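Take a moment to turn the model around before reading on.

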Amino acid sequence: MKVNFNNRDPVYIQVIRHFKEQIATGSLEPGQEILSRRELANKLKINPNTAQRAYKEMEEQGLIYTERNLPSRITKDEQVLHAVREELILQAVDSFITSVRSINVPLHEVLDLVKENYEKQVEE
(Lines give C-alpha, C1' and ligand atoms only; values in the text may rest on other atoms or scores of the structure.)
Protein backbone atom coordinates (compact mmCIF):
# COMPACT_ATOMS: atom_id res chain seq x y z
CA MET A 1 0.00 0.00 0.00
CA LYS A 2 1.53 3.26 -1.16
CA VAL A 3 -0.05 6.66 -0.55
CA ASN A 4 1.61 9.84 -1.77
CA PHE A 5 0.61 12.42 0.81
CA ASN A 6 0.30 16.08 -0.14
CA ASN A 7 0.64 19.07 2.17
CA ARG A 8 -2.76 20.59 1.30
CA ASP A 9 -5.24 18.09 2.72
CA PRO A 10 -5.43 16.46 6.15
CA VAL A 11 -3.75 13.04 6.16
CA TYR A 12 -6.88 11.21 7.31
CA ILE A 13 -8.81 12.63 4.31
CA GLN A 14 -6.05 11.42 1.99
CA VAL A 15 -6.21 7.95 3.58
CA ILE A 16 -9.98 7.86 3.01
CA ARG A 17 -9.53 8.94 -0.61
CA HIS A 18 -6.96 6.19 -1.10
CA PHE A 19 -9.43 3.60 0.20
CA LYS A 20 -12.17 5.02 -2.04
CA GLU A 21 -9.88 4.77 -5.07
CA GLN A 22 -8.99 1.19 -4.18
CA ILE A 23 -12.68 0.32 -3.81
CA ALA A 24 -13.60 2.03 -7.10
CA THR A 25 -10.88 0.22 -9.05
CA GLY A 26 -11.68 -3.15 -7.50
CA SER A 27 -8.35 -3.46 -5.70
CA LEU A 28 -10.38 -3.73 -2.49
CA GLU A 29 -13.37 -6.00 -2.91
CA PRO A 30 -16.68 -6.01 -1.02
CA GLY A 31 -16.30 -7.88 2.25
CA GLN A 32 -12.50 -7.91 2.05
CA GLU A 33 -10.65 -7.70 5.35
CA ILE A 34 -8.47 -4.61 5.71
CA LEU A 35 -5.46 -3.84 7.89
CA SER A 36 -5.99 -3.00 11.52
CA ARG A 37 -5.68 0.63 12.47
CA ARG A 38 -2.28 0.01 14.03
CA GLU A 39 -1.03 -1.95 10.99
CA LEU A 40 -2.21 0.81 8.66
CA ALA A 41 -0.45 3.46 10.76
CA ASN A 42 2.80 1.46 10.70
CA LYS A 43 2.58 0.73 6.99
CA LEU A 44 1.86 4.36 6.01
CA LYS A 45 4.09 5.81 8.73
CA ILE A 46 1.29 7.94 10.13
CA ASN A 47 0.09 8.60 13.66
CA PRO A 48 -2.20 5.79 14.97
CA ASN A 49 -4.74 8.46 15.95
CA THR A 50 -4.85 9.58 12.31
CA ALA A 51 -5.52 6.01 11.18
CA GLN A 52 -8.23 5.73 13.83
CA ARG A 53 -9.84 8.95 12.62
CA ALA A 54 -9.81 7.75 9.00
CA TYR A 55 -11.42 4.41 9.96
CA LYS A 56 -14.03 6.15 12.11
CA GLU A 57 -14.95 8.44 9.20
CA MET A 58 -15.07 5.51 6.77
CA GLU A 59 -17.38 3.64 9.14
CA GLU A 60 -19.65 6.69 9.37
CA GLN A 61 -19.72 6.90 5.55
CA GLY A 62 -20.55 3.19 5.35
CA LEU A 63 -17.36 2.31 3.46
CA ILE A 64 -16.21 -0.18 6.06
CA TYR A 65 -17.76 -2.07 8.94
CA THR A 66 -16.41 -3.69 12.06
CA GLU A 67 -18.17 -6.44 13.99
CA ARG A 68 -17.18 -6.89 17.61
CA ASN A 69 -13.46 -7.71 17.85
CA LEU A 70 -13.20 -8.93 14.26
CA PRO A 71 -11.09 -7.10 11.66
CA SER A 72 -12.73 -4.29 9.70
CA ARG A 73 -14.02 -5.11 6.23
CA ILE A 74 -15.02 -3.25 3.07
CA THR A 75 -18.78 -2.77 2.81
CA LYS A 76 -20.88 -5.10 0.69
CA ASP A 77 -23.57 -2.45 0.21
CA GLU A 78 -23.89 -1.98 -3.57
CA GLN A 79 -25.37 1.52 -3.21
CA VAL A 80 -22.38 2.70 -1.18
CA LEU A 81 -19.94 1.09 -3.62
CA HIS A 82 -21.68 2.72 -6.58
CA ALA A 83 -21.75 6.10 -4.80
CA VAL A 84 -17.98 5.92 -4.15
CA ARG A 85 -17.26 5.31 -7.82
CA GLU A 86 -19.62 8.08 -8.90
CA GLU A 87 -18.12 10.53 -6.39
CA LEU A 88 -14.61 9.96 -7.73
CA ILE A 89 -15.75 10.30 -11.34
CA LEU A 90 -17.61 13.55 -10.60
CA GLN A 91 -14.60 15.00 -8.78
CA ALA A 92 -12.38 14.25 -11.78
CA VAL A 93 -14.93 15.67 -14.22
CA ASP A 94 -15.40 18.85 -12.15
CA SER A 95 -11.65 19.38 -11.98
CA PHE A 96 -11.33 18.81 -15.72
CA ILE A 97 -14.18 21.19 -16.54
CA THR A 98 -12.68 23.90 -14.35
CA SER A 99 -9.34 23.57 -16.14
CA VAL A 100 -10.83 23.55 -19.62
CA ARG A 101 -13.21 26.46 -19.01
CA SER A 102 -10.34 28.59 -17.76
CA ILE A 103 -8.85 28.48 -21.28
CA ASN A 104 -12.19 28.93 -23.07
CA VAL A 105 -12.27 25.71 -25.07
CA PRO A 106 -15.63 25.20 -26.84
CA LEU A 107 -17.67 22.25 -25.56
CA HIS A 108 -17.79 20.41 -28.90
CA GLU A 109 -14.00 20.59 -29.16
CA VAL A 110 -13.56 19.31 -25.61
CA LEU A 111 -15.95 16.41 -26.22
CA ASP A 112 -14.20 15.45 -29.45
CA LEU A 113 -10.77 15.54 -27.80
CA VAL A 114 -11.95 13.59 -24.77
CA LYS A 115 -13.55 10.90 -26.93
CA GLU A 116 -10.51 10.64 -29.20
CA ASN A 117 -8.02 10.40 -26.34
CA TYR A 118 -10.20 8.08 -24.28
CA GLU A 119 -10.49 5.62 -27.17
CA LYS A 120 -6.75 5.91 -27.88
CA GLN A 121 -5.91 4.99 -24.28
CA VAL A 122 -8.35 2.07 -24.30
CA GLU A 123 -6.60 0.67 -27.39
CA GLU A 124 -3.16 0.86 -25.75
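A helix axis here is a line fitted to C-alpha atoms over the stretch in contact, and angles run from 0 to 180 degrees between N-to-C directions. Helices (H or I, at least four residues) and strands (E, at least two) are DSSP runs, numbered from the N terminus. This is a predicted model, where local features need pLDDT of at least 70 and side-chain atom pairs count only at pLDDT 80 or more, while totals for chains, interfaces and linings use all residues. Residues are numbered from 1 along each chain as its sequence is written, and side-chain values use heavy atoms, leaving out hydrogens and water.

**How H1 meets H4**
- The axes of H1 (residues 11–25) and H4 (residues 78–101) come within 9 Å and cross at roughly 110 degrees.
- H1 and H4 are therefore roughly perpendicular to each other (65 to 115 degrees).
- Residues in contact (heavy atoms within 4.5 Å) include Arg17 and Ile23 in H1, and Leu81 and Glu87 in H4.

**The two sides of H2**
- In H2 (residues 37–44), Leu40, Ala41 and Leu44 are buried (under 20% relative accessible area, with a 1.4 Å probe and protein chains only).
- Seen down the axis of H2, these buried residues fall within an arc of 100 degrees, so they line one face of the helix; the arc is that of the directions from the helix axis to the C-beta atoms.
- The buried residues of H2 pack against H1 and H3 (48–60).
- On the other side of H2, Arg38 and Asn42 are exposed (over 50%).
- Just after H2, Lys45 takes a positive phi of about 55 degrees.

Conventions:
Angles under 35 degrees count as roughly parallel, over 145 as roughly antiparallel, 65 to 115 as roughly perpendicular and the rest as oblique.
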